[in-house]
Every structure is written in structure tokens, then in C-alpha cells.
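Keep the sequence and the model side by side.

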Amino acid sequence: MSMLDFDDIEKQADEVVMRMHKDQESWTKFQKEIVEPRVKKLMQGKSMRHFAVGVYVPSDFRIGLGQSLSSLCLASNINFYHLDCRTISSYNTAIGYLTTICTHPNSVILIENFDEILDLPEKKYLENILIKIWECDFVLPRKDYFVVFATSNN
């Protein structure tokens, strides 16, 4: 091992620390500017005009979005539902998810990988239940929920 190897290791360590710092800054800004005001409205039972947000989360993001949102909701006494669309493999599972949410207004919902629904014969139905349901107030009153759509695809 040469002295240059130590320089490379130190540079890599600096890059990791810098990335961790930037990830934390990004999450803190998102939490303060986007999440917390909406959670506050949910806690007060107020309607939300802007109920949903889409978020790009790099696959190497160092903050666990689901875990962080869950902790925030727990501290605020707000229901939190986390769904990874890559794990929904049947129409019945999606309906069960929707039924559970219907009975708990004033909730935060994280829908991850919404653009990666499994390629199944019922894919169109799954897209309607998991994503398109939020386009209108026909089934759920959107103003009673805060929905975060997250993806790691560009």
C-alpha cells in the first residue's frame, strides 16, 4: 500500500461524509417545507388543497424515507401507511389496502415505486386502485390525506 492509496481512501471517506450531509439537508428541507405543514393540517382536521407530492429518491439515498415519515407520524399521532408497489401482486391485496385507508382519514400515505407495478394481467386495475384513485374525490376525499409518491427512477 502506498501513500497514494491512503489519499484515495481519505478522498472516498470525505465524499461519503459529504453525501450523507447533503442527504440529511435534503430530507430536513423536505420535512420542514413540505411534510410538517401538511401533517399539522391533518392533526387539526383541516382540509388540504395540495394533498399529494411526488418525490424522486435516489436509490443510494442515505435516509430511509418510510422510516422517517413513520417516525414523524408516530410523534404527531397521525396514521401512516407505507406501500411499495413492487410488492402488490393481486387485486385483492390492493383493495385491502384501499379499504384500510378509507377507514382512517387524516393519514399520511407513502406510495413507493409507483412506476414499478408488477407486470400482471390485472396491472391496469392495480394502477387504478393504487395511483389513479387519487385523481378525483370519487372514492376517497383526497383533502383528508397527505400522499407522497416516491420513485428512484429518473
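**Rings, sheet and helices**

Phenylalanine 114 is partly exposed, with a relative accessible area of 27%. Buried means under 20% relative accessible area, exposed over 50%, and partly exposed in between, with a 1.4 Å probe and protein chains only. The model is predicted: local features need pLDDT of at least 70, side-chain atom pairs count only at pLDDT 80 or more, and totals for chains, interfaces and linings use all residues. Residues are numbered from 1 along each chain as its sequence is written, and side-chain values use heavy atoms, with hydrogens and water left out.

Now the sheet. Four strands form an open sheet in the order β1-β4-β3-β2, with parallel pairing. The edge strands are β1 and β2, and each pairs on one side only. On average, neighbouring strands of this sheet are turned by 15 degrees against each other, direction ignored. Axes here are lines fitted to C-alpha atoms, for helices over the stretch in contact, and angles run from 0 to 180 degrees between N-to-C directions. Helices (H or I, at least four residues) and strands (E, at least two) are DSSP runs, numbered from the N terminus. Two strands pair if DSSP finds at least two bridges between them. Strands of a sheet pair through backbone hydrogen bonds, either parallel or antiparallel.

Go to β3. How many of the six residues of strand β3 are buried? Six of the six residues, 107-112, are buried, so β3 is largely enclosed by the rest of the structure. Both faces are covered. Ser107, Ile109 and Ile111 are buried on one side of β3, and Val108, Leu110 and Glu112 on the other.

Two strands flank this account of β3. Strand β2 (residues 79-84) pairs with β3 in the parallel sense over six bridges. Glutamate 112 in β3 is the bridge partner of aspartate 84. Histidine 82 stands opposite leucine 110 in β3. From β2 the chain crosses through helix α3 (residues 91-102) to β3, and this β-α-β crossover is right-handed. Right-handed means that, with the strands pointing away from the viewer, the path from the first strand over the helix to the second runs clockwise. Helix α3 lies across β2, β3 and β4, running at about 165 degrees to β2.

Strand β4 (residues 145-151) runs parallel to β3, and six bridges join them. Isoleucine 109 has valine 147 in β4 as its bridge partner.

Look at α4 itself. Its buried residues are Leu126, Glu127, Ile129 and Leu130. They cover an arc of only 165 degrees around the axis, which puts them on the same side of α4. That arc is taken over the directions from the helix axis to the C-beta atoms. What covers these buried residues of α4 includes β2, α3, β3 and β4; contact means heavy atoms within 4.5 Å. Lys124 and Tyr125 are exposed, on the face of α4 turned away from its buried side.

Next come the rings. The structure holds five aromatic pairs. Rings of Phe, Tyr and Trp (its six-membered ring) pair if their centres lie within 6.5 Å; planes under 30 degrees apart count as stacked, over 60 as edge-to-face and the rest as tilted. The rings of phenylalanine 51 and tryptophan 134 have centres 6.5 Å apart and planes at 35 degrees, so the pair is tilted. Phenylalanine 51 lies in the loop between α1 (3-44) and β1 (52-56), and tryptophan 134 in the loop between α4 and β4, so the pair ties together parts that are 83 residues apart in sequence. At 12% relative accessibility, phenylalanine 51 counts as buried. Tryptophan 134 is also buried, at 4%.

Phenylalanine 114 returns in an edge-to-face pair with phenylalanine 149: 5.7 Å centre to centre, 80 degrees between the planes. Phenylalanine 114 lies in the loop between β3 and α4 and phenylalanine 149 in strand β4, so this pair ties together parts that are 35 residues apart in sequence. Phenylalanine 149 counts as buried at 12% relative accessibility.

Ring pairs also link Phe51, Trp134 and Tyr145 into a cluster. Leucine 140, in the loop between α4 and β4, is buried at 1% relative accessibility. Not counting residues up to four places away in sequence, leucine 140 touches Leu98, Ile101, Cys102, Trp134 and Tyr145.
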